[in-house]
Amino acid sequence: MTAESIGLVWFRGGLRLQDNSCFHTALKENRQVFCCFILDDHYMRGPDIGAARACFLLETLALLDQSLQKLGAQLIVRRTADAVHEIAALAHEVGAARVYANQDYLPYPLRRDAQVQELLRSDGRQLCLHEDLLLVPPRLVLTAQETPYTVFTPFKRKWETLLQTPSRYQSEPLLHKLKTDKRFPSSSVPELSEYGMSLKQNIEPGGEERALQQLERFVSSGLPEYHLNRDQCALLHSTSRLSMHLKWGTLSIRDCYRAARRQGGPGADKWIDELAWREFFYSVTYHFPHTLQGPMLPEYKDFPWSDNQEHLQAWKTGNTGIPFVDAGMRQLNQTGWMHNRLRQVTASYLCKDLLIHWQEGERYFMQMLVDGDWPSNNGGWQWVSGSGVDPRRATRIFNPILQQERYDPDFAYVRQWVEEFGTARYPLHPLVTHEEGRRCYLDAFQRSAAGRQALREQHRETAAQSRQNRLFE
Ligand SMILES: Cc1cc2nc3c(=O)[nH]c(=O)nc-3n(C[C@H](O)[C@H](O)[C@H](O)COP(=O)(O)OP(=O)(O)OC[C@H]3O[C@@H](n4cnc5c(N)ncnc54)[C@H](O)[C@@H]3O)c2cc1C
């Protein structure tokens, strides 16, 4: 690059100015840098898009634009159905030799970026992709045979060996390169209503300033005891509530990792384990993209799921008569966020007790969650349903009553979300009791291809075990 060159930063995720690899590199390599966001339908329309996530995105874009304006720049927003041609046209318009963006790993962005790369190249320009979303890129975390991991613990072990603590990208001394009198045509950040959506949930505000404050608060108040409190769902700071910021990149994952490492101790170690789950599910999605459409394990394809719409509706609205499940679903419906313990319990109740297809739950979560992220959501649902990467598979059935006794013994969480709990307005009997649901599920499982496969594996394991035992007799 010559010292005279112009760069264009193409924000997609990574919606922040601090510690952002593509933004920092663009500033370093160019004399002048412009910034843009291409708001295509992919972000705003479709059966999995919900008001909470869309609203968080729009608010964050408006805040990003404000931050850039303070620096004498603008966020060029283009609304289009065709991101590929729009970004290529914009690079031409601003005279950028290079377009800088952060690497994404999902099938659509990978396809889109390959097309953009081609188009830019044919015009003598370049798309420069930078690692930013994860601590370790998924293509690097491989077994000794160079195959991807399908089980979390060995993945984490390998992932840890590849972890580094990179120093923070310090962009402040370079920010003057954003300042310009030039203004390019730009849409204003649209209102949610323009997409036919209205927000009924009380969601967390977006933006990078808020994200950093939240990280700081969590590190001082929640992280030291995270290993002890993370499942105490009624406790406000038992977990970080940073998932929406990690989803949209209003917070740098490296900032999270560095903050935890600096603090150290068992709380920080446990929290880093959770960050590793996020990376694991990204790796699974990257290496096995078909899991976004269906079960990882083919034997689950013909599982005899129930299509009881009444049950599904009761689950969605938090009216199953199981207090812990109802509280979780209402927290989701009211705030766009749900505690991890409750995500597991509500998901298990849907697909194990009500026997309803996990993809129904997966879609509903995507529609309602402010942090809805394909890899973690899909991974979470497949993990709970047993159809994905998980050695314990079908035998994991959460008992929602025991879970509540253990993690919400005083019903504080339940009372917070189920206002009529303990009154005559709350059902005396659940829709389906856990015992009843569990029995039906196990019965269906044993008759299914998945059950037969599990039995074969069990036999193989028992045979291997007895061979092993004989070796030591
Ligand atoms: C059925 C189901 C669906 C889920 N859907 C999503 C989703 O759409 N988006 C999402 O970000 N997480 C999802 N999770 C994972 C987890 O529940 C949330 O990341 C977590 O509750 C967010 O709260 P927190 O930020 O306070 O987490 P913390 O406990 O503070 O953890 C820190 C960060 O680690 C990551 N993380 C923690 N646990 C997990 C996990 N089990 N899997 C993947 N990443 C994890 C998240 O980025 C989280 O913000 C799902 C889990 C299940 C069981």
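Which residues in helix 6 meet which residues in helix 11? In this predicted model, Phe152, Phe155, Lys156 and Trp159 form the helix 6 side of the contact, and they meet Asp273, Ala276, Trp277, Glu279, Phe280 and Ser283 in helix 11. Sorted by class, the residues of this contact comprise 6 nonpolar, 1 polar and 3 charged. Helix 6 spans residues 152-162, and its axis comes within 10 Å of the axis of helix 11, with a crossing angle of roughly 105°. An angle from 65 to 115 degrees counts as roughly perpendicular, and helix 6 and helix 11 are therefore roughly perpendicular to each other.

The domain assignment divides the protein chain into domain 1 (6-131), domain 2 (134-166 + 208-287) and domain 3 (298-460). Between the centres of domain 2 and domain 3, taken over C-alpha atoms, the separation is 24 Å. Domain 2 contributes 16 residues to the contact between these two domains, and domain 3 contributes 20 residues. On the side of domain 2 that touches domain 3, two or more residues are given by each of two elements, helix 9 (243-248) and helix 11 (265-287). Helix 11 provides the largest share of that side, namely 5 residues. The side of domain 2 that touches domain 3 consists of 7 nonpolar, 5 polar and 4 charged residues.

Helix 11 also packs against helix 16. The axes of these two helices come within 8 Å and cross at roughly 90°, which makes helix 11 roughly perpendicular to helix 16. In helix 11, the residues Arg278, Phe281, Tyr282, Val284 and Thr285 take part, and they meet Trp374, Pro375, Ser376, Asn378 and Gly379 in helix 16. The contact of helix 11 with helix 16 contains 5 nonpolar, 4 polar and 1 charged residues.

A further partner of helix 16 (residues 374-385) is helix 15 (residues 358-368); their axes lie 10 Å apart and the two helices pack at an angle of about 150°. Since angles over 145 degrees count as roughly antiparallel, helix 15 and helix 16 are roughly antiparallel to each other. Their crossing is right-handed. From helix 15, Trp358, Gly361, Glu362, Phe365 and Met366 meet Asn377, Asn378, Trp381, Gln382 and Ser385 of helix 16. By class, the contact of helix 15 with helix 16 has 4 nonpolar, 5 polar and 1 charged residues.

The ligand is surrounded by 27 residues, of which the closest are Thr239, Ser240, Asn340, Asn377 and Gly380. At least two residues of the shell around the ligand are supplied by each of helix 9, helix 11, helix 14 (340-353) and helix 16. The shell is made up of 10 nonpolar, 9 polar and 8 charged residues. Because domain 2 and domain 3 both give residues to this shell, the ligand lies between them.

Conventions:
Residues are numbered from 1 along each chain as its sequence is written. This is a predicted model: local features need pLDDT of at least 70, side-chain atom pairs count only at pLDDT 80 or more; totals for chains, interfaces and linings use all residues. Axes are lines fitted to C-alpha atoms, for helices over the stretch in contact, and angles run from 0 to 180 degrees between N-to-C directions. Helices (H or I, at least four residues) and strands (E, at least two) are DSSP runs, numbered from the N terminus. Angles under 35 degrees count as roughly parallel, over 145 as roughly antiparallel, 65 to 115 as roughly perpendicular and the rest as oblique. A crossing is left-handed if the near helix is turned anticlockwise from the far one by less than a right angle, and right-handed if clockwise. Two residues are in contact if their C-beta atoms, placed from the backbone, lie within 7 Å. Ala, Val, Leu, Ile, Met, Phe, Trp, Tyr, Cys and Pro count as nonpolar, Asp, Glu, Lys and Arg as charged, and the others, Gly among them, as polar. Domain bounds come from an automatic or database domain assignment. A residue is near a molecule or strand if its C-beta atom, placed from the backbone, lies within 6 Å of it.
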